[in-house]
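The sequence and structure come before the text.

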Amino acid sequence: MNKKTICDVDVKGKKCLVRVDFNVPMKDGKITDENRINGALPTIKYLMEHGAKVILCSHLGRPYSIFSKEIKKIKPEDEGKSREELTALTVKKCSLKPVADRLNEILGGKVTFATDVIGEDAKAKVAACKDGEVVLLENLRFHSEETKNDENFCKALAEFCDIYVNDAFGTAHRAHASTAGIAQYGLCEAAVAGFLIGKELDVMGGALENPVRPFVAILGGAKVSDKIGVINNLLEKVDTLVIGGAMAYTFFKAKGYGVGTSLCELDKVDLAKELLKKAEDKKVKLLLPVDTKVAAAFPDPIDAPIEVSVVASNAIPDDMMGLDIGPETQKLYAETVKTAKTVIWNGPMGVFENPVLCEGTVAVAKALSETEGATTIIGGGDSAAAVKKLGFADKMTHISTGGGASLEFLEGIELPGVACLDNK
Ligand code: AMP
C-alpha cells in the first residue's frame, strides 16, 4: 500500500480524529452485532497505547439533521411533528451513546461521550481528553453538512484534529466531511490510514495488482448494470470470471437463449455481448450457469415455500423464472474455485433469502471455505452476510467491511476516503 498508516506518524500527545464505522445494527436501543466495534479496536488500542488523544467519529443509521438549521427529508409518517419531537425520535434511534457505553466497558472506563459533534459539549470533552483517552462524538449525520462535505463543518471538526485517521472502509467511497473533506481541505498535519482500511487495501489491492494465479472472480446479484465497471476491470485481471445470480440471464439472452420470465435487463444485452467478446479477446474463461433452478413465479414473501425444477440453461420454459443456479453448475463452480489460488466473490448466486433458492450461494461459500492455501476474499454485502451466517467467516482470508466501497475498489476506482490520505 502506498498510503501512510498510523504506524508512520508520531501520535504521542496528538489529537487524532479517527473516522470509524460504528454504524452497528440496533434494536430497542441495544446493539445487536458488535462486529464493527471490534473491527475498530486494533486502531483505537494502538493509538491509546501510543499516547494519542483519540477522538472518534462515525455515522449511525439514517438520522434527521437535528443539529443543522433545517431538518430535511422528513418521512411521510413524521410529517407535522415538531422539531423537539423529531429530535427525540432521532436521538432515540440513532444516537451513538449506546456504542460509547459499550466501548467504555471494553476499554476499561477510558471513553467519554460528547452529546454533540462540533458544539460546546464536544469542545469541552476534547479539551479535557488526556493522552491515552478516548472521546466519541455524537452521530456525524445529525449535521446535514457531513454528507455535503461542507467546508465550514470540516474546519470545525478539524479543531479536534492534529492527525486525521480514516479507518472506515465502508464509507471510503463517499466524499463526506469526515471521510475525505478534512484531509482534502488540508486541515490537519497528517492524514493516514488505520489498520482496518490498511488491511482492506493490502489484501484486495494485492489480489488485484499481483494475484497468485489462477485468479478467479465470482460475480452474482441482481443486475449487470450495477456491476458493469467491476466486470470490465476484472476482465483485465482474472483468469476465470464466474457469473451467477439474475445477472446471468442478460448474458443468456446475449447468447440467444430464451430466459422465460427471469429478471433480465434487455437494454444491457448488447453490453453483455461486448463483455463476452472482451472475455474471448483477453482469453479469460467466462463461466455461465449450465443449469438453472426455475419456478412459476418469484417467491412472495421472499422466504415462502416454493416448488422448483431444474432445467438446462438454454431450455428455460417461456412461463418460468430462473431463481438460482442448478446442481451441475454448483459442481462446476465449486471445482473452479478448488483450482484457484486467488478468489474474489461478490453477489449471491440466486435468491439466497429463500431456503430453497439459497443452495447455489451456499455451494459457492462452502467451496471457498474448503480451498487449500488460496487467498479468498469476500467483497462485502450479501455474500459477506451469507458467509457469516453459514459459519464460514473464519475460513476466509478476508471479508471486506464495505459493500459499495469494495465494489468501487474492484472497479478500479480510487476511493475518496483513500485518495485523501498522505502518500508514503
Ligand atoms: P445485488 O444487490 O445486486 O448483489 O443483488 C442481490 C439480490 O439479487 C438478492 O436480493 C437476491 O435475491 C437477488 N437475486 C439473485 N439471483 C436472482 C434471480 N435469479 N432472480 C431474482 N433475483 C435474484
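## Helix packing and cores

In this predicted model, the axes of helix α6 (residues 151-158) and helix α7 (residues 177-184) come within 9 Å and cross at roughly 85°. An angle of 65 to 115 degrees counts as roughly perpendicular, so α6 and α7 are roughly perpendicular to each other. The residues that meet, and the helices they belong to, are tabulated below.

| Helix | Residues in the contact |
|---|---|
| α6 (residues 151-158) | Phe 153, Cys 154, Leu 157, Ala 158 |
| α7 (residues 177-184) | Ala 177, Ser 178, Gly 181, Ile 182 |

Sorted by class, the contact of α6 with α7 has six nonpolar residues, two polar residues and no charged ones.

The largest nonpolar core has 74 residues, and the members that touch the most others are Leu 137, Tyr 164, Phe 169, Leu 241 and Phe 251. Apart from this core lies another, of 32 residues, with Ile 6, Ala 100, Val 111 and Val 134 among them. In soluble globular proteins, nonpolar side chains tend to be buried together.

What does Phe 251 contact beyond its neighbours within four places in sequence? Its partners there are Val 224, Ile 231, Ile 243, Ala 272, Leu 275, Leu 276 and Leu 288.

Thr 250 lies in helix α10 (residues 247-254). Is Thr 250 buried or exposed? Its relative accessible area is 1%, and under 20% counts as buried, so Thr 250 is buried. Not counting residues up to four places away in sequence, Thr 250 touches Val 224, Cys 264, Glu 265, Lys 268, Val 269 and Ala 272. Val 224 and Ala 272 are in contact with Phe 251 and also with Thr 250.

How values were computed: Residues are numbered from 1 along each chain as its sequence is written. This is a predicted model: local features need pLDDT of at least 70, side-chain atom pairs count only at pLDDT 80 or more; totals for chains, interfaces and linings use all residues. Side-chain values use heavy atoms; hydrogens and water are left out. A nonpolar core is a set of buried Ala, Val, Leu, Ile, Met, Phe, Trp, Tyr and Cys residues joined through side-chain atoms within 4.5 Å. Buried means under 20% relative accessible area, exposed over 50%, partly exposed in between (1.4 Å probe, protein chains only). Contact means heavy atoms within 4.5 Å. Helices (H or I, at least four residues) and strands (E, at least two) are DSSP runs, numbered from the N terminus. Axes are lines fitted to C-alpha atoms, for helices over the stretch in contact, and angles run from 0 to 180 degrees between N-to-C directions. Angles under 35 degrees count as roughly parallel, over 145 as roughly antiparallel, 65 to 115 as roughly perpendicular and the rest as oblique. Ala, Val, Leu, Ile, Met, Phe, Trp, Tyr, Cys and Pro count as nonpolar, Asp, Glu, Lys and Arg as charged, and the others, Gly among them, as polar.
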